[in-house]
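Reader: I have a model open and some labels attached to it. I would like to know what each label rests on.

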Amino acid sequence: MADPAAESIDASSSRFGRVVCYNQTAMHGSNTISAAAPFFMTQLSVANLTYRILYYFLKPLCLPPFVAQILCGLLFSPTVLGNNEVVLKLIFPYKYTMLLETFANLALVYNVFLLGLGLDLRMIKIKDIKPVIIAIVGLLAALLAGAGLYYLPSNGEADKILAGCMYWSIAFGCTNFPDLARILADLKLLRTDMGHTAMCAAVVTDLCTWILFIFGMAIFSKSGVRNEMLPYSLASTIAFVLLCYFVIQPGVAWIFNNTVEGGQVGDTHVWYTLAGVIICSLITEVCGVHSITGAFLFGLSIPHDHIIRKMIEEKLHDFLSGMLMPLFYIICGLRADIGYMNRTVSVGMMAVVTSASVMVKILSTMFCSIFLRIPLRDGLAIGALMNTKGTMALVILNAGRDTKALDVIMYTHLTLAFLVMSMVVQPLLAIAYKPKKKLIFYKNRTIQKHKGESELCVLTCVHVLPNVSGITNLLQLSNPTKKSPLNVFAIHLVELTGRTTASLLIMNDEAKPKANFADRVRAESDQIAEMFTALEVNNDGVMVQTITAVSPYATMDEDICLLAEDKQACFILLPYHKNMTSDGRLNEGNAVHAEINQNVMSHAPCSVGILVDRGMTTVRFESFMFQGETTKKEIAMLFLGGRDDREALAYAWRMVGQEMVQLTVVRFVPSQEALVSAGEAADEYEKDKHVDEESIYEFNFKTMNDPSVTYVEKVVKNGQETITAILELEDNNSYDLYIVGRGYQVETPVTSGLTDWNSTPDLGIIGDTLISSNFTMQASVLVVQQYSSANRQTAENNNQEPVQGKAKTDHEATPFMEDEDDEVEHQYSMRR
């Protein structure tokens with residue numbers, strides 16, 4: 001045995017890796033741990049720094065994290081830096097590799113546990129047979145192709161064993177569902193038919209891969225030969241699966257229900273849960289299968305609707321992904337040796353294997369698409385997505401490497417193939433796959449065109465729990481009745497981050513009924529769903545469906561617009577990005593939320609409203625909602641003229657007819673002097689004046705006998721007089737809510753001189769003025785923007801797919817308020 005001090009980088013090599021002998025006496029000295037600790041800390045720092053640098057450099061190229069993971073490992077392979085004397089002596093010395101592998105495997109166990117923790121099997125409901133067929137055919141084709149390529153002449157050494165073929169083929173055919181779901185989320189394809197099919201097929205493939213992997217490890221022993229204890233290994237593994245389902249899962253649920261008080265989970269619960277991961281991993285290791293099997297099954301056994309799940313993820317996820325998992329990638333790289341592989345595998349053979357690994361699932365999926373009547377372009381995209389690899393593929397390869405079923409040559413060969421596959425899939429889809437744009441025809445894209453006694457479809461968005469109370473109370477004030485009900489689609493907007501679980505991604509596109517919603521999302525979504533459900537329960541004229549939309553902030557506005565079109569909404573209700581503080585002022589808010597609001601207003605397929613909530617709390621409105629009190633709620637609609645103001649008037653008009661609502665409509669009319677001095681603004685005002693007059697006349701005529709409605713006209717010379725008039729209104733009345741039109745980039749004679757004051761584009765001149773610090777009022781403000789096809793861009797004719805709209809056309813009654821530009825047959829296209 002060689003002395004560790006004399007350890008050399010010229011250690012003997014074989015097709016199964018480097019062989020180094022150590023002085024066992026020196027290795028088991030009392031100071032071993034203290035000597036290894038500095039090296040381990042160095043390895044940890046180097047691994048994390050390298051992975052982070054690669055990840056941030058590759059992210060702009062639309063490459064998945066898996067590419068950075070493989071490159072991080074290959075950077076320290078013997079072919080690149082692994083043979084460097086400085087690296088071998090100061091960073092990755094042979095004698096401390098065992099400690100590095102121990103922590104890497106521990107990180108892997110907990111990472112797989114998090115995968116099981118985030119997967120709710122109740123969400124996986126395959127309603128269509130097409131994804132199942134695509135998954136099974138693709139997996140079988142990949143297994144057969146993998147076996148053929150494994151035994152291909154000149155592909156590595158000739159003396160190969162059956163166990164190596166098994167590991168090679170399973171890794172060759174696996175599809176990593178979490179990474180596939182995130183690729184679809186990044187490319188905004190989650191809600192397309194192709195995205196649905198790809199995700200369902202990936203789920204089936206992932207589960208089948210797990211089963212094959214577990215049975216494969218049971219069939220072959222640690223030395224890569226047939227396991228003589230196979231019957232006992234299979235029986236014990238099946239027994240453990242049944243134990244998890246019938247004993248561990250209900251047992252853990254019972255413990256949590258009886259030891260958690262007041263919904264507060266202590267650290268003790270978390271630590272015992274993490275200890276349970278190790279115990280279950282040891283059990284499956286004893287059963288003859290990989291330790292990650294026990295971790296995955298234990299993760300599935302944790303109750304899906306318990307707060308312990310979120311606590312564990314918060315404590316474990318960032319530490320694992322940011323600290324320990326890069327060690328696993330380093331181990332994968334240390335085991336690869338591109339130089340050694342090149343001795344027996346030619347570049348041509350590498351190209352054949354890599355090309356075959358990419359094409360086998362694409363061709364099998366396209367073959368299935370012909371018989372399943374799936375568009376070929378969708379079949380091509382699904383086939384490419386089924387090539388998505390991830391940590392699971394590396395786990396399978398390393399399991400084969402541990403048992404010496406796979407040698408360095410075959411291990412390195414398939415690792416490089418996975419690298420190429422991962423580098424191709426997402427960029428290829430981002431460039432080549434442009435989903436067809438669907439034309440959805442429906443008439444009621446504005447409240448002004450909406451019929452008085454028909455269903456009003458409203459899509460509301462909330463980022464955090466405090467957004468909910470103001471929105472629900474505004475909806476309550478919107479006079480929902482059985483004759484004119486509100487159909488509300490409430491979206492909880494969740495940022496897509498590294499911590500977002502795959503199960504949340506797969507369900508984010510479905511509207512969940514209120515009875516099942518709380519079982520499928522996190523604690524905040526539970527409370528949001530319950531508050532919207534209470535709105536439905538306490539009002540017969542409201543129907544609510546709650547949706548969780550998981551998106552990166554950069555593309556969240558696309559999700560909102562897409563859902564609004566899918567649900568054929570005529571009004572999108574957004575919360576203002578600033579919230580009221582305890583002293584009555586608005587805080588700095590979230591700049592990202594402000595940008596989302598602006599993008600939605602620019603691209604929405606219908607009218608949009610932004611609510612600045614400054615007191616529309618549940619406490620304030622509960623009195624008349626639940627106790628029958630008739631306290632008047634003072635609402636002021638400020639009408640300056642223009643399309644947006646007519647839409648705001650239509651919304652305010654809808655509130656009329658409730659005993660608790662007192663509406664005051666204030667129209668600001670420019671004086672003759674203002675018209676003369678306004679110039680071009682006066683010309684624009686005159687163009688809309690006729691339509692404004694018709695809208696005001698219709699409103700006054702139909703509400704003239706309603707004592708709850710007051711109409712006032714104020715003549716003003718300029719914007720300053722308009723502001724003074726609003727201040728006088730507030731002094732004489734204490735309003736609960738102001739409703740105004742946005743009037744963005746439109747200057748009228750009554751707003752002249754105020755354009756330079758507008759610091760909040762999404763609220764317009766008057767809305768921005770009402771919430772400014774110069775005003776002492778504490779009333780909430782609703783800013784309304786009317787949808788206009790003139791401001792939209794339609795899709796190119798060569799990339800459109802007409803879809804029959806579902807608008808109600810059987811009752812052609814007179815619209816609630818008629819607009820001068822009635823676009824009944826307007827064809828609006830939204831990018832999907």
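Author: Two strands are said to pair if DSSP finds at least two bridges between them. The model here is a predicted one.

Reader: How do you know that strand E7 and E8 pair, and in which sense?

Author: Strand E7 (residues 571-575) and E8 share five bridges, and the definition asks for at least two, so they count as paired. The sense is parallel. Within this pair, Leu574 stands opposite Ile610 in E8.

Reader: What makes E8 and E13 a pair?

Author: Five bridges again, this time in the antiparallel sense. Gly609 stands opposite Val784 in E13, and Ile610 stands opposite Val783 in E13.

Reader: Why is strand E8 called largely enclosed?

Author: Buried means under 20% relative accessible area. Six of the six residues of E8 (residues 607-612) are buried, so the rest of the structure largely encloses this strand. Ser607, Gly609 and Leu611 point one way, Val608, Ile610 and Val612 the other, and all are buried. In a regular strand, side chains alternate between the two faces of the sheet.

Reader: What makes the sheet open, and which strands stand at the edges?

Author: The open sheet has 10 strands, in the order E6-E5-E4-E7-E8-E13-E12-E9-E10-E11, with mixed pairing. Strand E6 (542-551) and strand E11 (709-716) are the edges: each has a single partner strand, so one side of each lacks a neighbour in the sheet. From one strand to the next the twist averages 20°.

Reader: Which helix lies across E11?

Author: Helix H30 (residues 719-732) does, running at about 145° to E11. H30 also lies across strand E9 (633-639), strand E10 (661-670) and strand E12 (737-741).

Reader: Why is Gln786 called buried?

Author: Its relative accessibility is 4%, and the cut-off is under 20%, so the label applies. Gln786 is in the loop between strand E13 (780-785) and strand E14 (800-803).

Reader: How do you know that the side chain of Gln786 makes a polar contact?

Author: The partner is the side chain of Glu647, at 2.8 Å. The limit for a pair of N or O atoms is within 3.5 Å, so the distance qualifies.

Reader: Which residues make the contact between helix H10 and helix H11, and how do the axes cross?

Author: The axes of H10 (residues 193-219) and H11 (residues 230-259) come within 8 Å and cross at roughly 145°. Ile214, Phe215, Ala218 and Ile219 of H10 meet Leu230, Ser233, Leu234 and Thr237 of H11. By class, six are nonpolar, two polar and none charged.

Terms used: Residues numbered from 1 in each chain as written. Predicted model: local features only at pLDDT ≥ 70, side-chain atom pairs only at ≥ 80, totals over all residues. Heavy atoms only, no water. Helix = DSSP H or I, 4+ residues; strand = E, 2+ residues; numbered from the N terminus. Buried < 20%, exposed > 50% of the residue type's maximum accessible area, 1.4 Å probe, protein only. Polar contact = N/O pair within 3.5 Å; in protein donor to acceptor, adjacent residues only side chain to side chain. Axes fitted to C-alpha atoms, helices over the stretch in contact; angles between N-to-C directions. Contact = heavy atoms within 4.5 Å. Nonpolar A, V, L, I, M, F, W, Y, C, P; charged D, E, K, R; others polar.
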